Amino acid sequence: MNLASITGFFLCFVIILSGVATNGGLSTLGTFIHFPSMLVTFGGAFLAVLAACDSFRDYFDGLKSFPEALKKKEEQVLDIPEQIFEMSNLARKEGLLALEEKSSEIKDEFMKKGIMLVVDGTDPELVKDIMETEMIHKSERNRVKISFWEDLGAFAPAWGMVGTLIGLINMMRSIGGDTASIGAGMSLALITTLYGSVLANWVCAPIVRKMKKNDENEMLSMELTIEGILSIQAGENPRVINEKMKAFFVGGTIYDKVEENGEN
């Protein structure tokens with residue numbers, strides 16, 4: 001898990017609580033919990049996202065993607081060059097069929113599929129087409145999940161404003177009458193705006209940023225995998241394959257470990 005992201009989410013919550021406590025004391029926290037406001041803001045925002053989705057599956061996939069945004073994808077990218085380097089050495093020494101046994105140790109299903117295609121003697125162009133097609137579909141699925149949080153971040157402040165308007169209308173109708181209902185209307189009017197802003201800026205915006213970065217890293221890892229597997233299938237020198245892997249990164253400093261293993 002990405003500890004920086006988790007820490008950031010937690011500290012944002014602490015900042016909100018601190019802001020409330022320093023202005024009115026901890027005893028006022030209860031006044032910021034208003035269920036009609038939650039219903040209008042959160043219910044309206046999430047249902048508006050549902051209306052914008054193409055299917056229930058897209059909607060629930062978006063909901064379930066929250067934990068994915070808190071996971072690190074960068075480390076997976078850094079592991080691929082070493083795995084490719086090891087398999088290229090094995091294929092050069094013992095042949096492509098030796099990779100079948102090695103594939104059982106691979107956790108990445110995308111890489112394992114590519115290795116098995118090579119072991120089965122699939123034409124290189126077909127291997128490339130199959131893997132690139134899967135990469136495109138994976139990117140599309142990621143885009144749908146990202147769109148869920150982008151839409152939620154856009155709808156939340158708008159539904160907060162809807163709640164504000166409802167509260168103001170009720171307040172205006174109560175002027176000159178029951179003063180208690182005026183306070184209730186003002187509460188709905190102001191808290192819904194707060195809820196919408198918090199949901200958009202505390203949750204949605206960071207999640208979108210993390211998911212876009214994770215998508216970039218995932219696509220990079222798949223590109224590395226495709227290039228590495230095709231190079232292994234072509235029987236290229238492991239050192240040449242290693243240099244190809246370096247071309248995907250700036251500087252190539254992350255390959256020190258790979259190069260050390262290659263020298264042993």
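Tutor: A nonpolar core is a set of buried Ala, Val, Leu, Ile, Met, Phe, Trp, Tyr and Cys residues joined through side-chain atoms within 4.5 Å. The structure discussed here is a predicted model.

Student: Which residues of the largest nonpolar core touch the most other members?

Tutor: The largest nonpolar core has 29 residues. Those that touch the most other members are Ile 84, Met 87, Leu 99, Met 111 and Ile 115.

Student: Which helix supplies the largest share of this core?

Tutor: Helices H5 (74-94), H7 (109-119), H8 (124-174), H9 (179-233) and H10 (238-246) each supply at least two residues of the core. The largest share is eight residues, and the helix they come from is H9.

Student: Which residues does Ile 84 touch, not counting residues up to four places away in sequence?

Tutor: Ile 84 is among the core members with the most contacts to other members. With residues up to four places away in sequence not counted, Ile 84 touches Met 111, Thr 225, Gly 228, Ile 229, Ile 232, Ile 241 and Met 245.

Student: Is Glu 86 buried, partly exposed or exposed?

Tutor: Glu 86 lies in helix H5. Buried means under 20% relative accessible area and exposed means over 50%. The relative accessible area of Glu 86 is 36%, so Glu 86 is partly exposed.

Student: How many Å apart in space are Glu 86 and Pro 238, C-alpha to C-alpha?

Tutor: In sequence, Glu 86 and Pro 238 are 152 residues apart. In space, their C-alpha to C-alpha distance is 8.4 Å.

Student: How many residues of the lining of the largest pocket are charged?

Tutor: The largest pocket has a volume of about 440 Å³. Of its 18 lining residues, the closest to the centre are Gln 76, Asp 108, Glu 109, Phe 110 and Glu 218. H5 gives the most to this lining, with four residues. By class, the lining has five nonpolar residues, three polar and, for charged, ten.

Student: How many residues of the lining of the second largest pocket are nonpolar?

Tutor: The second largest pocket holds about 350 Å³ of space. Phe 13, Ile 16, Phe 32, Tyr 195 and Val 198 are the closest to its centre, and H9 supplies the largest share of the lining, six residues. The lining has no polar and no charged residues, and the nonpolar ones number 15.

Methods: Residues are numbered from 1 along each chain as its sequence is written. This is a predicted model: local features need pLDDT of at least 70, side-chain atom pairs count only at pLDDT 80 or more; totals for chains, interfaces and linings use all residues. Side-chain values use heavy atoms; hydrogens and water are left out. Buried means under 20% relative accessible area, exposed over 50%, partly exposed in between (1.4 Å probe, protein chains only). Contact means heavy atoms within 4.5 Å. On a 1 Å grid over the protein atoms alone, a cavity is a set of points where a 1.4 Å probe fits but cannot get out, and a pocket is an open set with protein on both sides within 12 Å along at least five of seven lines; lining residues have an atom within 4 Å of a point. Grid points are joined across faces, edges and corners, and a volume is the space filled by probe spheres set on the points. Ala, Val, Leu, Ile, Met, Phe, Trp, Tyr, Cys and Pro count as nonpolar, Asp, Glu, Lys and Arg as charged, and the others, Gly among them, as polar.
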